[in-house]
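Here is a friendly set of exercises to work through with the model open beside you. Try each task before you read its solution.

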Amino acid sequence: MTVDIVVMVVSVLALLYAVVLAMRVKAQKVGSAKTKEIMEAIHEGAMAFLNKEYRILVVFVLAVFLILGFSLTWNLAIAFIIGAVFSALAGNIGMRIATMANARTAHACETSLNAGLKVAFSSGSVMGMTVTGLGLFGVTLLYYIFGDPRIIYGFGFGASSIALFARVGGGIFTKAADVGADLVGKIEAGIPEDDPRNPATIADNVGDNVGDVAGMGADLFESYVDSLIVTMVMGTSLFAASRGVWLPLWIAAAGLFSSIIGSFFVNAKEGSSPHKALNRGIWVASVLMAVLSYFIIDWLVGTINLFWAALAGLAAGLVIGKATEYYTSDDRKPTQEVARASQTGAATNIISGLALGMHSTMIPVLAVVTAIFLSFWLGGLYGIALAAVGMLSTLGITLATDTYGPVADNAAGIAEMAGLGKEVRKRAEALDAVGNTTAAIGKGFAIGSAALTALALFVGYTQAVGLKVIDIINPMVIIGLFIGGLLPFLFSAMTMKAVGSTAEEMVEEVRRQFREIKGIMTGKAKPDYGRCVSISTHAALKKMVVPSLMAIIVPLLVGLLLGAEALGGMLGGSIVTGFLLAVMMANSGGAWDNAKKYIESGHLGGKGSAPHKAAVVGDTVGDPFKDTSGPSLNILIKLMSIVALVFAPLIAHYGGWLL
């Protein structure tokens, strides 16, 4: 059996496993008629948003397809289309299952905590297996068809383009709804989170899926395929008989197999920690992956140094995850300090959260630079690319634990809205609390993998345009560095402002309904949930376009006007500031969220107290930090790098018009 068939078989096995898990989730009981009604409303809102988003993306994808075909090659354009379709398909499948699993998770919590965990994690595993299975299948199939991994850069470009639109659009949607629901519901009306009387609560639950399921899936899909492709390209010139090309694919296949095995170890007894159960699955998968990759590398290339390079990437991912957990978990000192700062008001809560986020950048940076140093020392530039593959090798289970979070969050909301009782709500909230931490860890992992992947793509770009050195004292390079350093801040400002202005509209709508629809507060009248969903949908789709296009247009302008070296400087500047800003935003936002939950669990006065109201304000500021701007920066730095790489022939030939 040839090596390509083995990799294809593993990718198909992952997709079949996803089908089995999806059928298992669907077979679970939904529960009461009220539970089913809420689930269907969330599902319809999520699919309506996604369908409208796809109408916009179809126009964009076709336009880029024609540009690539006429300016470069039609094979590259075809790969672009396939990458875009696969990325959209992965997000669509994951979100369909997530919106089907939320009510089933809530109902399963009536039986036990473990029953609820199983349903939510199975839903997350569908996303994890679909993303990795489709990614590995697509890359392997295109290499089999074209025989040139450089053509497959188009596949990565397609995945990256869809990912940015999905992340930005989904992030604006979810946080505008969340902020509007919190500011009016919790602070002004004094009603609990996910209270059915709040008109924005369905939009909030819809947003969890379009942002944290479809958006996150598309984000990591592009990291996964981009790291594979750039490592394959580098491998063509290093090893005979395409062994360097097949090595990253085999490592990815081993990671996919390990993730499947690890998923069987995720279970928790009543009263035990769901977080430990999820961590157990990740550690089993990581250890198994390390063992398998040793034998694969020894067999294919016989250079054990590359095993340690891949392991450096895997270890860096685990370190970043644990560091993120430390800074954002509500049972750890940093987040508890943010909660205590709430005792003196919202201002001190925000100051404390910002300081935490800035301080939390240290460990991820040290982890990434250590991985870069070790992987380069062990395997040169190819070792750095292989470290990115190693970090993402167990994506099947790490993404499962991340997308488990939104399902658990929805389940807790449905338990509240459907009145399933205190015990069910308690179990669902326990799953949700763990989901907040796993989501924060997932964001840290996504950021770390984005940095290594963007660096690998950056190296690929320098090779494609023939740059052996980028001269830091060249004025054009310095200009590129400043432009690159600016872009993450400008991008974050645009996405933060989009959330803020949409949230203002949401706040006014919720206030209007409380004021004009008599009987909402007594439960005699039903809020107009659809209007709030419509507000978020319209604003998100309108405001996602400009920041997303910026990531494609600016690299081309810099390269064509100032030259290849200036574009290299721009990519370097964007990777540094984008990575640091993304870590800071994700961890500040996660800490603010869990500081609020720490108070809600009964500490420092509990729900309704002055510290709680201050913490809600901090959480509201953190929402677009951690779920819109921060995670979108991952895709920004990768997309700019893949754009530079795809259009490298044009930049090398025509770049530097102003010089």
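**Exercise 1.** Classify Arg425 as buried or exposed, then find its salt-bridge partner.

*Solution.* Step 1: Arg425 has a relative accessible area of 11%, so it is buried; buried means under 20% relative accessible area, exposed means over 50%, and partly exposed lies in between (1.4 Å probe, protein chains only). Step 2: the partner is Glu416, whose side chain meets that of Arg425 in a salt bridge, at 3.6 Å from N to O. A salt bridge here is a side-chain nitrogen of Lys or Arg within 4 Å of a carboxyl oxygen of Asp or Glu. Step 3: Glu416 has 26% relative accessibility and therefore counts as partly exposed.

Before going on, a word on the ground rules: this is a predicted model, in which local features need pLDDT of at least 70 and side-chain atom pairs count only at pLDDT 80 or more, while totals for chains, interfaces and linings use all residues. Residues are numbered from 1 along each chain as its sequence is written, and side-chain values use heavy atoms, with hydrogens and water left out.

**Exercise 2.** Locate the salt bridge between Asp593 and Lys626, and work out which helices it links.

*Solution.* Step 1: the two side chains meet at 3.5 Å, N to O. Step 2: Asp593 belongs to helix H18 (residues 564–600) and Lys626 to helix H19 (residues 610–646), so the pair ties together parts that are 33 residues apart in sequence. Helices (H or I, at least four residues) are DSSP runs, numbered from the N terminus. Step 3: both ends are covered, since Asp593 counts as buried at 8% relative accessibility and Lys626 counts as buried at 9%. Step 4: follow the shared partners, and salt bridges join Lys175, Asp593, Lys596, Asp619, Asp623, Lys626 and Asp627 into one network.

**Exercise 3.** Examine the salt bridge of Glu337 with Lys333. How many residues apart are the two in their helix?

*Solution.* Step 1: the closest N and O atoms of this salt bridge are 4.0 Å apart. Step 2: Glu337 and Lys333 are four residues apart in helix H10 (residues 333–341), which means about one helical turn separates them. Step 3: Glu337 is partly exposed at 38% relative accessibility, whereas Lys333 is exposed at 54%. For context, the structure holds 20 salt bridges.

**Exercise 4.** Describe how H9 packs against H12.

*Solution.* Step 1: helix H9 (residues 304–328) and helix H12 (residues 362–392) pack at an angle of about 160°, with their axes 7 Å apart. Axes are lines fitted to C-alpha atoms, for helices over the stretch in contact, and angles run from 0 to 180 degrees between N-to-C directions. Step 2: H9 and H12 are therefore roughly antiparallel to each other. The cut-offs are under 35 degrees for roughly parallel, over 145 for roughly antiparallel, 65 to 115 for roughly perpendicular, and oblique for the rest. Step 3: their crossing is left-handed, meaning that the near helix is turned anticlockwise from the far one by less than a right angle. Step 4: the residues of the contact of H9 with H12 divide into 22 nonpolar, seven polar and no charged. Here Ala, Val, Leu, Ile, Met, Phe, Trp, Tyr, Cys and Pro count as nonpolar, Asp, Glu, Lys and Arg as charged, and the others, Gly among them, as polar.

**Exercise 5.** Check the span of H4 and the residue just after it.

*Solution.* Step 1: helix H4 (residues 113–146) has 34 residues and, at 1.5 Å a residue, should span 50 Å; the expected span is 1.5 Å times one less than the number of residues. Step 2: its end C-alpha atoms are 49 Å apart, which agrees. Step 3: H4 is mostly covered, with 26 of its 34 residues buried. Step 4: just after H4, Gly147 takes a positive phi of about 70°.
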